[in-house]
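Hi there,

Here is the structure I promised to pass on. Have a look at it first, and then read my notes below.

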Amino acid sequence: MTTTARAYLTGFGRYLPGPPVDNDGMAARLGGDDAVTARIRRSILTSNGIKQRHYALDEQGEPTELNEELAVKALNAALDDRGIQPSDLRMLATATTMGDVLVPGFANMVHGRLGGGPMQLLSASGVCASSMAALDAVVSKVRLGDHPRGAVVASELPSRSLRQRRYEGFRAGMDAHFLRWMLSDGAGAVVVEFQPHPTRLSLRVDWIRQVSLAHEHAVCMRAGMSGDEPHVGGTWQDVGIADAGAAGMFVLRQDVGMLDELAETGIAQFEELVDIGLIDVSHLDHVICHYSTNVFRDVAFDALRRRVPSLDTDRWFSNLETRGNTGSASIFIALEEAVRTGRFAPGETILLAVPESGRFSFAFAQLTVVAPPNPQGASS
């Protein structure tokens, strides 16, 4: 009889740059204190429920760190949590929406700054669900037996693109403002191993599922192009940098009219996993779902309650209000806090859910909390 290969999350880390910034302090760093922008900002903040977030910007709005630096600090926190060094890793997968440079890839830049020895690299690009794609890659390689240990980090530094200078010279509508007052900076990381942590709780990865429905949906979140669909002559690489900036191509835009459809589609994907038996709602103990606004939290929770009537709010964990929306990093930042604050007990299951608005992608994972094989204090 063959034994199914396993993969476990054994170390958790996060990094949030600078002091927390409350809603009144956002304009000091990002600009946009005119009456019209202030009214839009208040409206968006009322909807999303975020009360504080972090920026890698000083009080004058100037950058203080690179995205790769955020990633390395989160990785080092995860490695310290596990009690190992970068040289112990054999694979590193990274996720981000926008790295610091166009070339090389983000994973190469993070590896160069992190150090350690030779290792396999993967740079997962995309938006929020890219973190789950990176996790899937490392988990798969550990399960195959190619590597005994790897790490995953998701890092975002959108604040550089949210400053007032990016919004000057063109008329910015709600599609441009929505993400400006939604996104913030941060990084989260996990260590993946073929065996559980010897002396404390680990999280076994039972399965990961990702799906794109881009063939059925238009672009919802975009940057680098004019209009809703790319065409020759309409991307930032087809025109001069100055012309692209003047046209607002470097502004992150969100088609807010599609967000209700995104929520409905994500719920349908969850229910499909229930219907095929991958999610056992009778044994669903915790839910950590990435979402951009508390409005979607309520929609998602109502859908879960239809399938899991016994699921109460204590089983649902989010730190959106206090850590902000950090895109791909959000799910790992939330998971790290949930682990650190002792929310989980052996035998419990955890559902991770990450919808991505870019062009309708969805990722889910189930984790099971595993007791340590040697809780009396074996060496790591």
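Let's begin with E336: leaving out the neighbours within four places in sequence, E336 is in contact with F12, G13 and R14. You'll find E336 in helix 11, which covers residues 330-340. Is E336 buried or exposed? E336 counts as buried, because its relative accessibility is 9%, and the cut-off for buried is under 20%. Before you go further, please keep in mind that this is a predicted model.

Another glutamate to click on is E68, which sits in helix 3. With a relative accessibility of 6%, E68 counts as buried too. If you skip residues up to four places away in sequence, E68 touches D100, F106, M109, V110 and R113.

That takes us to how helix 3 meets helix 4. Helix 3 (residues 67-82) packs against helix 4 at an angle of about 60 degrees, and the two axes are 9 Å apart. That angle makes helix 3 oblique to helix 4. The crossing of helix 3 past helix 4 is right-handed. Which residues of helix 3 and helix 4 meet? On the helix 3 side they are N67, E68, E69, A71, V72, L75, N76 and L79, and on the helix 4 side F106, M109, V110, R113 and L114. Sorted by class, this contact of helix 3 with helix 4 has eight nonpolar, two polar and three charged residues.

V103 and P104 are joined by a cis peptide bond, with omega at about 5 degrees. P104 is in the loop that lies between strand 4 (91-96) and helix 4 (106-114).

Next, helix 5, residues 130-144. After helix 5 comes G145, which has a positive phi, near 90 degrees.

The buried residues in helix 8 are L259, L262, A263, T265, G266, I267, Q269, F270, L273 and V274. What do the buried residues of helix 8 pack against? Their partners are helix 6 (174-180), strand 8 (202-212), strand 10 (253-254), helix 9 (294-307), strand 13 (349-356) and strand 14 (361-370). Helix 8 is followed by G277, where phi is positive, near 90 degrees.

Of those partners, I looked at helix 9 in more detail. Helix 8 and helix 9 pack at an angle of about 25 degrees, and their axes are 10 Å apart. Angles under 35 degrees count as roughly parallel, so helix 8 and helix 9 are roughly parallel to each other. Helix 8 passes helix 9 in a right-handed crossing. From helix 8, the contact uses L259, D260, A263, I267, F270, E271, V274 and D275, while helix 9 brings F296, V299, A300, A303, L304, R306 and R307. By class, the contact of helix 8 with helix 9 has 10 nonpolar, five charged and no polar residues.

T349 is buried, with a relative accessible area of 10%. Not counting residues up to four places away in sequence, T349 touches H283, L284, D285, H286, Q366, L367 and T368. How far is T349 from G112? Their C-alpha atoms are separated by 36 Å, and the two residues are 237 residues apart along the chain.

The other residue is F360, in the loop between strand 13 and strand 14. The phi of F360 is near 60 degrees, which is a positive value in a residue other than glycine. F360 counts as buried because its relative accessibility is 0%.

Methods
Residues are numbered from 1 along each chain as its sequence is written. This is a predicted model: local features need pLDDT of at least 70, side-chain atom pairs count only at pLDDT 80 or more; totals for chains, interfaces and linings use all residues. Side-chain values use heavy atoms; hydrogens and water are left out. Buried means under 20% relative accessible area, exposed over 50%, partly exposed in between (1.4 Å probe, protein chains only). Helices (H or I, at least four residues) and strands (E, at least two) are DSSP runs, numbered from the N terminus. Contact means heavy atoms within 4.5 Å. Axes are lines fitted to C-alpha atoms, for helices over the stretch in contact, and angles run from 0 to 180 degrees between N-to-C directions. Angles under 35 degrees count as roughly parallel, over 145 as roughly antiparallel, 65 to 115 as roughly perpendicular and the rest as oblique. A crossing is left-handed if the near helix is turned anticlockwise from the far one by less than a right angle, and right-handed if clockwise. Ala, Val, Leu, Ile, Met, Phe, Trp, Tyr, Cys and Pro count as nonpolar, Asp, Glu, Lys and Arg as charged, and the others, Gly among them, as polar.
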